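Here are my notes on the model, as numbered points. Please read them with the structure open.

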Amino acid sequence: MQAGTITEGDGHRQWHSFSATANRTYIIEVKHPLTFTEIDERGVGGDAQQAPGYLADPSIIEIQDNGGTQVLGENAYGGFHLNFARAFFTPDQSGTYTIVVGAGPQDREGLGCYTITVRADDHADDFMTNPDVGIRPGESITATINYDVAPSDAGLNPWDWKIRPPLRPGLEGDDVLRPRRGIASLDDRDVFRIEIADAGEYQLSVTEAPTGVGVWYIWDHTGNLVAEAETAPEALTTLRLEPGTYYAEIGTPYASDGNTGPYTFAVAEAEAAGDG
């Protein structure tokens, strides 16, 4: 991880170099921290807000090869919040590449601090998937839960997990701790893009997985929840889906600790999944 600051003097641009291997996909993230509202005794609260003094809308303006030629255009978005930008980059050749960081389209004249990281892609990651990696009915994909820490871990933030509040005023909530969507956490949670062409019943399954790993949430392309696990992530979920793009978030239960490793995620038509 490196830190930087966009100022008037640098023309609203900064440059960071890294070494990359041909045909390997990298995740590049530029972000600033979020602050959160106070959480009450029921776990309600913890809403995200932008931290003062940081670049409000960071952007990966472009990536250049060693000769200064652009090999990837602007990537200004990273998920549900504007505090970070994420790009997926797969070079054709091994070598040194340069990331140009600047202010994003929400505020091109923005100034402030940020951090930048570059890491290898495990084909699924928190809250925004690689646009080149999707799954359709009849397909499966293997990914990895990289981190699973104890609830007592000093680095785990109180807003990483939440208690579901009442669905409407006057109704009771519940006491089950669920991951907060859209906030990066010490507990690795992977998100897969699912493409559905035909309306019908579908099964989403997680197999050959570490203990407790399953699907927490499923939402549509607008961010509206389609389904969520009641008490713990589910290894098998069956639901009706209309044609469109959906996202499934996979992770571990709240009390889980150290259950890391590879797993297989699959989507199948419900009737086909039950044949035989």
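1. Is arginine 193 buried or exposed? Arginine 193 is buried, because its relative accessible area is 13%. Buried means under 20% relative accessible area, exposed means over 50%, and partly exposed lies in between (1.4 Å probe, protein chains only).

2. A word on the basis. This is a predicted model, in which local features need pLDDT of at least 70, side-chain atom pairs count only at pLDDT 80 or more, and totals for chains, interfaces and linings use all residues. Residues are numbered from 1 along each chain as its sequence is written, and side-chain values use heavy atoms, with hydrogens and water left out.

3. Arginine 193 has a salt-bridge partner, glutamate 195. Their closest N and O atoms are 2.9 Å apart. A salt bridge here is a side-chain nitrogen of Lys or Arg within 4 Å of a carboxyl oxygen of Asp or Glu. Glutamate 195 is partly exposed because its relative accessible area is 22%. The count by this rule comes to eight salt bridges.

4. Now the network. Salt bridges link Glu29, Lys31, Arg86 and Arg119. Arginine 119 meets glutamate 29 at 3.1 Å, N to O. That pair links distant parts of the chain: arginine 119 sits in strand S10 (residues 112–120) and glutamate 29 in strand S3 (residues 26–31), 90 residues apart. Strands (E, at least two residues) are DSSP runs, numbered from the N terminus. Lysine 31 also bridges to glutamate 29, at 3.7 Å, N to O.

5. Check the cover of these residues. Glutamate 29 counts as buried because its relative accessibility is 5%. Lysine 31, at 26%, counts as partly exposed. Arginine 119 counts as partly exposed too, at 29%.

6. Next, a sheet. Five strands form an open, mixed sheet in the order S11-S15-S20-S17-S18. Its edge strands, S11 (134–135) and S18 (225–228), each pair on one side only. Two strands pair if DSSP finds at least two bridges between them. S17 (residues 214–220) and S20 (residues 244–251) run antiparallel, joined by six bridges. Tryptophan 219 stands opposite tyrosine 247 in S20.

7. Last, a surface feature. Asp198, Glu201, Glu269 and Glu271 gather in a patch of negative charge. Patch residues have over 30% relative accessible area and no salt bridge, with like charges joined within 9 Å. Aspartate 198 lies in the loop between strand S15 (190–196) and strand S16 (200–207). Aspartate 198 counts as exposed because its relative accessibility is 52%.

Terms used:
Patch = residues over 30% accessible without salt bridge, like charges linked within 9 Å, V, L, I, M, F, W, Y side chains within 5 Å. Areas by Shrake-Rupley, 256 points an atom, 1.4 Å probe, with all protein chains shown as cover. Lys, Arg positive; Asp, Glu negative; His and termini not counted. Charge placed at Lys NZ, Arg CZ, Asp CG, Glu CD. Helix = DSSP H or I, 4+ residues; strand = E, 2+ residues; numbered from the N terminus.
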